[in-house]
Amino acid sequence: MPDIRKITLTVNGTEHTRDVETRTHLADFLRRELGLVGTHLGCEHGVCGACTVMLDGEAIRSCILLAVQADGCEVTTVEGLASRGGGLHPVQQAFWEKHGLQCGFCTPGMMISIAAWLKESPNPRAAEIREAISGNICRCTGYQNIVTAALDAAEILRREG
Amino acid sequence: MGVRHVGERVKRVEDPRLLTGGGRFVDDIRLPNMTEATFVRSSEAHACIKSIDISEALAVPGVIAVFTLKDFGPEFAQKRLPQPAPHPLLKFPSTQYPPARDEVCYVGECVAMVVAQNRYIAEDAASLVWIEYESLPAVTDLRAAAQPEAPLANKQLLGNIAASVPWRYGDCTEAFAVATHVFKESYVQHRGGGHSMECRGVVACHDAPTDLLTVWTSTQTPYMVRRFLAQYLGREESRTRVIAPDVGGGFGPKVVIYPEEYAVAFAAMEIGRPIKWIEDRRENFVATTQQRDIVWEMEVAADGNGKIVALRGHGYLDGGAYLPYGLVLAMTSLMPFPGPYAIPSMDVVLDVVLTNATPTSPVRGAGRPNVAFVLERLIDLVARRLDRDRAEVRRVNFVKKNEFPYATGAKLPNGVPVTYDSGDYEACLDKALRSEIYTDFEARRVMAREQGRYLGLGIASYNEDTGMGPFEGATVRVQSSGKVLIQTGAASQGQGLDTVLAQICADRLGVEPSDVSVESGDTAAFPLGIATVASRVAVAAGSSVYEAAELVRAKAIALASGLLEVSEEKLKLENGTVGVVGDSNKHTTLAELARRLAGSIGIPTPAGLSPGLEATAYHNITRPTYAGGTHIAEVEVDTDTGQVKVLNYFVAHDCGRLLNPMLVDGQIAGGVVHGIGNALLERMIYDDSGQPQTTNYGEYLLPTATEIPTIHIEHVETLSPLNPLGVKGAGEGGTIPAAAAIVSAIENALADREVRVCSYPVSPEMIVQLIDSRNS
């Protein structure tokens, strides 16, 4: 018999209460249960970072966190990154302008990692950004434009205060 | 001509969706009543299957079906998968049964498929499928497998050498006999996996009443999947629709057609419900094709100036357990010889050797990096032995700018001479030599040396056959709204193809790229297509769009000329209108013209014109167009730990006309990073019994942002005379010489120890051993 628990969590500002198997990981919960397919699975062993979401404001790997561990928490996925008015988050806008994505598969996790980190490090240098995204693997871009986009986004965020 | 968007750094039309969680990759597809599959895979590298017990698996609640090959029925139990790339040298059955019949030949080979309500239940049940194996001897070492007394990798074979592929022209024997200098060297190269961040996946859905089979698959070739799936299943292609949704990276392995694609499609028809199968990363390590070792023994004959007069040698290539892509990898690991150099004679033979490991097929660069490595190491060797400058020896050997079109002396299998259409290899070399990385290096090296640090610089040049045939095609259609639709067979895996095609079309029709939408990668959207591989679609699909848009432009002008009663030469297309030069009162719109040609009941189509403001063009290709370039790599080698850091990297790149420089630079940077991974990090390891040892990202290392320096890129544009855009392919040039440049730099850093580095990836242990062996 599967082990089922009831959890309540807020995802991108909306509260959800669901019964979940305890073995369901958070990424599968977001994708399958809530239909938020923007978060991707690249390795399911916590290395590639494609599954990165924010949990109570911190970037975490949702493939190695169980959904039941997110009970009572606030989750932000790529679908919730943009402002409520529909405009793009500065990280998203910068990725677009600076060609920071190619296939787009690592991109949601990459942007969440950067957006979360920029809150702590608003005035980064390129080398620091590379460290910050060293847990996000991209096979397409060579990282170059991602770093440029992150620097641009940091500047916009500083201006916006 | 109004070239406004081509050549500009236009933002991608694909991005808004991908940036906001709107990507639709194969795992994002959900259909009513959909089930999920998982595969039971062989844990043995080579074994007979004695029995398969599926009874416990079938009993798990939520399991719908369990398939082994015999459950496919008697017709399929005897039917190996089609060989999409047959070759006269391939004389034996080289593909698998999907799943395996009675023999497994690599760890990871499909043996059974479980279909259940969801993946979690399917995996529960898969662990209850009991398979009895009788182990057979396994062979994984390439050179051991090539020996006549080696155990057979596959019981069907007479020997493990699947094919012996020659590549020769001129008279090598004579040239070597009279040469003033002959040098020999051996190389061991390893490539690793494509490792797109999205693994593979298939969703198959069969609507029985209409007999329409729809297959979504993360593929680089929806049309070949359709062709061979239809062939295998005995169906009409017209009732078989294959869609490549958003694909999260291809890099070569996704052009292979896999047992899982056939099995899932078959099973979906059997059970009458859609089936989804998504590969997880552990499977990807063992079930998706990769490249592994090629070993070479090479000889080069040169004169006193370092001019190479002849090249000969022999190689073994690890084919893996099956050859699902025929001999293509062998061809691409051989036919790039002699590279950008004018070498009068050549004789190289490459033996494809079967082993009990995952099948191999081209990975980004596709064998061209292997050839470039051999050529660049040999050039460096000649320079070193003759005490000449590495750059100057390259210059001496280059095909010169005034020698194009240049016939190398080689002939393709169909007898056509290999001809380089255009290029300027010296210009790329000169750009590299003028880069700050190069000009300031000596000062940095000396300063580092004073601090006890070792810096090295490597140079590597290459050329690349891009835009190979036979064709791609496109329909360009102005819709009644005035917006333009492109439909093409070409598929994208992140290259930004839609954007580039929109730019080309926008320039021809006088609209904005944002007014152009693209349907691609769907066999229902366009009749014929080939594949997105080998840096070919900008040439093939781009040229098709150009040609179709030109036809649409001509049609618009002809119709407008009649409507406005103005001669054609006076008309211009801009901002979605057709206007008259010098008379702003007379104009019409593309939308109006499209509506007229879309027809109304009873009203004849305007005389001399066919219905629809649209045209279809297939750009037919008879020869590839050659890109090229030179890379410079600067590394620091820690002589105590053997660690190598790449400090600086420069690329001089020639891909003909730059359609969108931002996208080209992105391809180059991404390609260089594949090369850095190749040179320093990536190794797919098997033990002697054929057990894979590196099946996660802790054991198999991919480059992360901290391993990569800023990559400086400059361009040379030698237009291709072979297509209307003058464009050459750009997807793989970043990778092709990268390992050679980095290895050359490592050797340069250790120059005072006179080490010679002839293999990659280069591990810290290897460097320490090389240094130690020179010290003793």
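This report describes chain A, the interface between chain A and chain B, and selected residues of chain B.

The structure is a predicted model, in which local features need pLDDT of at least 70 and side-chain atom pairs count only at pLDDT 80 or more, while totals for chains, interfaces and linings use all residues. Residues are numbered from 1 along each chain as its sequence is written, chains are lettered from A and ligands numbered from 1 in the order in which they are written, and side-chain values use heavy atoms, with hydrogens and water left out.

## Chain A

Chain A contains 5 helices and 5 strands; helices (H or I, at least four residues) and strands (E, at least two) are DSSP runs numbered from the N terminus. Read from the N terminus, the order of its elements is β-β-α-β-β-β-α-α-α-α. The radius of gyration of chain A is 16 Å, close to the 15 Å that the globule rule gives for 161 residues, so chain A is as compact as a globular protein of that length. This radius is taken over C-alpha atoms, and the globule rule is 2.2 Å times the number of residues to the power 0.38.

Along the principal axes, the C-alpha atoms of chain A fill a box of roughly 50 × 30 × 25 Å. Of the 161 residues of chain A, 55% count as buried. Here buried means under 20% relative accessible area, exposed means over 50%, and partly exposed lies in between (1.4 Å probe, protein chains only). Among contacts (heavy atoms within 4.5 Å) in chain A between residues at least 6 apart in sequence, 55% join residues at least 24 apart.

## The interface of chain A and chain B

The contact between the chains draws on 46 residues from chain A and 56 residues from chain B. Together the two chains bury about 4200 Å², with 57% of it on carbon and sulfur atoms; buried area is the accessible area (1.4 Å probe) that two parts lose on being put together, summed over both.

Between chain A and chain B, 22 residue pairs are in polar contact, with both residues at pLDDT 80 or more. A polar contact is a pair of N or O atoms within 3.5 Å; within protein, one must be able to donate a hydrogen and the other to accept it, and residues adjacent in sequence count only if both atoms are side-chain atoms. On the side of chain A that touches chain B, helix 1 (26-33), helix 2 (90-97), helix 3 (107-120), helix 4 (126-132) and helix 5 (144-160) each supply at least two residues. Helix 2 of chain A gives the largest share of that side, 5 residues. The residues of this side of chain A divide into 18 nonpolar, 18 polar and 10 charged. In this division Ala, Val, Leu, Ile, Met, Phe, Trp, Tyr, Cys and Pro count as nonpolar, Asp, Glu, Lys and Arg as charged, and the others, Gly among them, as polar.

## Salt bridges

Side chains of opposite charge can pair when their charged atoms come close. A salt bridge is a side-chain nitrogen of Lys or Arg within 4 Å of a carboxyl oxygen of Asp or Glu. The structure holds 62 salt bridges over all chains, and 6 salt bridges are found across the interface of chain A and chain B. The table lists some of the pairs.

| Salt bridge | N to O distance |
|---|---|
| A:Arg32 and B:Glu36 | 2.7 Å |
| A:Arg31 and B:Asp28 | 2.8 Å |
| B:Arg119 and B:Glu123 | 2.6 Å |
| B:Arg756 and B:Glu185 | 2.7 Å |

In the pair of A:Arg31 and B:Asp28, A:Arg31 is buried at 5% relative accessibility, and B:Asp28 is buried at 8%.

B:Glu123 and B:Arg119 are 4 residues apart in helix 4 (residues 119-126) of chain B, so about one helical turn separates them. B:Glu123 is partly exposed at 37%, whereas B:Arg119 is buried at 10%.

B:Arg756 lies in the loop between helix 20 and strand 29 (759-760) of chain B and B:Glu185 in strand 8 (residues 181-193), so the pair ties together parts that are 571 residues apart in sequence. B:Arg756 is buried at 17% relative accessibility, as is B:Glu185 at 10%.

## Two loop residues of chain B

B:Thr718 is placed in the loop between strand 28 (711-715) and helix 20 (738-749) of chain B. B:Thr718 counts as buried, at 13% relative accessibility, and its side chain forms a polar contact of 3.0 Å with that of B:Lys728.

B:Pro88 lies in the loop between helix 3 (74-77) and strand 4 (103-104) of chain B and is exposed, with a relative accessible area of 69%.
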